[in-house]
Amino acid sequence: MPDLYRHSIEIILAHQSPNGGYLASPTFPDYRYCWFRDGAYTAYAMDLAGERESARRFHDWCAQAVNQRRAVVERAIEKANRGKPLAEAEYLHTRYTLEGREGDDTTWPNFQLDGLGTWLWALAEHARLAGLRTLPSAWQEAATLTARYLAALWPRPCYDCWEEFEDRIHPYTLAAIYGGLRALTSLGLAGEWETAPAAIRAYVLDQGVQDGRLVKSIGNVAVDASLIGVATPYRLLEPHDPLMRATVSRIEADLRREGGGVHRYVADTYYGGGEWVLLTAWLGWYYAEVGESEKAREMLAWVEAQADEEGNLPEQVPRTLTAARYLEVWREQRGEIANPLLWSHAKCLILRHYLPEPMQVRRRAPALDFPLKGLSERQGREHPQR
């Protein structure tokens, strides 16, 4: 098997278009698009790996995608500020072709705000790592337009980062918006969005906490592994904050078993609800930030063990499942689990940056199936995607 660090860089570069968009996965039809969310983390990973030009081209791609849709964004802001409902076609879409066109599937869950917040955060990180004193004018235009859009729309329910539960408000989504808007301050950009981060944080702490930990969504007290992002990297909470510590402890208790990978949430049915490579690397990133290096190394070892003979990392691994009967249902509907997934490779690169010691790859554990602790299985509105 090739060196995973080098291979991850190569596979990301191989699936980046000349104009900068990253293909989420080349083998999975629904993922042959570029997302702001996946792409932003991928660009950050490339920045950390020294592939500055790759990251720059992605931010060019994002700026162009936003600026070309200024009329849509301005109309959404205007209606939101008047308290008017928006139709599905009136939101910015979440995924685009590598050429920057919107996907043809009009039923795709497009109203997702977390990806745009993540892009603003990654944009600021790129500026910091590249030593940019000022942003190109097109980037500034797109960033401020995006910030105004997020500040106007953040109180509204939207799809979460897994593209589910559109009728809920999600702490992870709010944290991504918070992190993105705060990032603009570090870029010296000011505007009407400046009061939104404080309001978002106050809302999360008032509505998004149950029994001393964060909840999956307002009204759903389950835990979701994406909540790691509230601290790492968005900093709505600091990694050492007791509320964050309690949330991560609950993620470990409810969503991880027998030294394996991390599941999304207890009631997950997508491809049977397997262990997600990117979430396991994300948890390792958090542990690296709080100085728990041994745990971070354990996460990295598990992640690296999931690479196939070619060095490709999948989206998830069906070693342990939350809803085993759904694995074949999704395989019949959509084919095999996405592999490679660029987001998985990106999170592996990020974890290796924060904990760069080379690791010996462990042998893959045997397939298991078990019920996770926590809430009984609860089916949300399912979509043919993550």
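Axes here are lines fitted to C-alpha atoms, for helices over the stretch in contact. I am working on a predicted model.

**Entry 1: α3 and α6**

I looked up how helix α3 (residues 52-67) sits against helix α6 (residues 137-153). Their axes come within 9 Å and cross at roughly 60°. That makes α3 oblique to α6. I noted the hand as well: the crossing of α3 and α6 is left-handed.

Next I listed who meets whom. From α3 come Arg56, His59, Asp60, Ala63, Val66 and Asn67. From α6 come Ala138, Trp139, Glu141, Ala142, Leu145 and Thr146. I sorted the residues of this contact by type: 6 are nonpolar, 3 polar and 3 charged.

**Entry 2: glutamate 275**

I found glutamate 275 in strand β5 (residues 275-276). Is glutamate 275 buried or exposed? Its relative accessibility is 0%, so glutamate 275 counts as buried.

I then checked what its side chain pairs with. The side chain of glutamate 275 makes a polar contact with the side chain of arginine 319, at 3.1 Å. I set aside neighbours within four places in sequence and read off the contacts of glutamate 275. They are Gly260, Gly261, Val262, His263, Trp302, Glu315, Gln316, Val317, Arg319 and Thr320.

**Entry 3: alanine 49**

I placed alanine 49 in the loop between α2 (36-48) and α3. Which residues does alanine 49 contact, leaving aside neighbours within four places in sequence? I found Tyr5 and Ile9. Alanine 49 and tyrosine 5 are 44 residues apart along the chain, and I read 9.2 Å between their C-alpha atoms.

Methods
Residues are numbered from 1 along each chain as its sequence is written. This is a predicted model: local features need pLDDT of at least 70, side-chain atom pairs count only at pLDDT 80 or more; totals for chains, interfaces and linings use all residues. Side-chain values use heavy atoms; hydrogens and water are left out. Axes are lines fitted to C-alpha atoms, for helices over the stretch in contact, and angles run from 0 to 180 degrees between N-to-C directions. Helices (H or I, at least four residues) and strands (E, at least two) are DSSP runs, numbered from the N terminus. Angles under 35 degrees count as roughly parallel, over 145 as roughly antiparallel, 65 to 115 as roughly perpendicular and the rest as oblique. A crossing is left-handed if the near helix is turned anticlockwise from the far one by less than a right angle, and right-handed if clockwise. Contact means heavy atoms within 4.5 Å. Ala, Val, Leu, Ile, Met, Phe, Trp, Tyr, Cys and Pro count as nonpolar, Asp, Glu, Lys and Arg as charged, and the others, Gly among them, as polar. Buried means under 20% relative accessible area, exposed over 50%, partly exposed in between (1.4 Å probe, protein chains only). A polar contact is a pair of N or O atoms within 3.5 Å; within protein, one must be able to donate a hydrogen and the other to accept it, and residues adjacent in sequence count only if both atoms are side-chain atoms.
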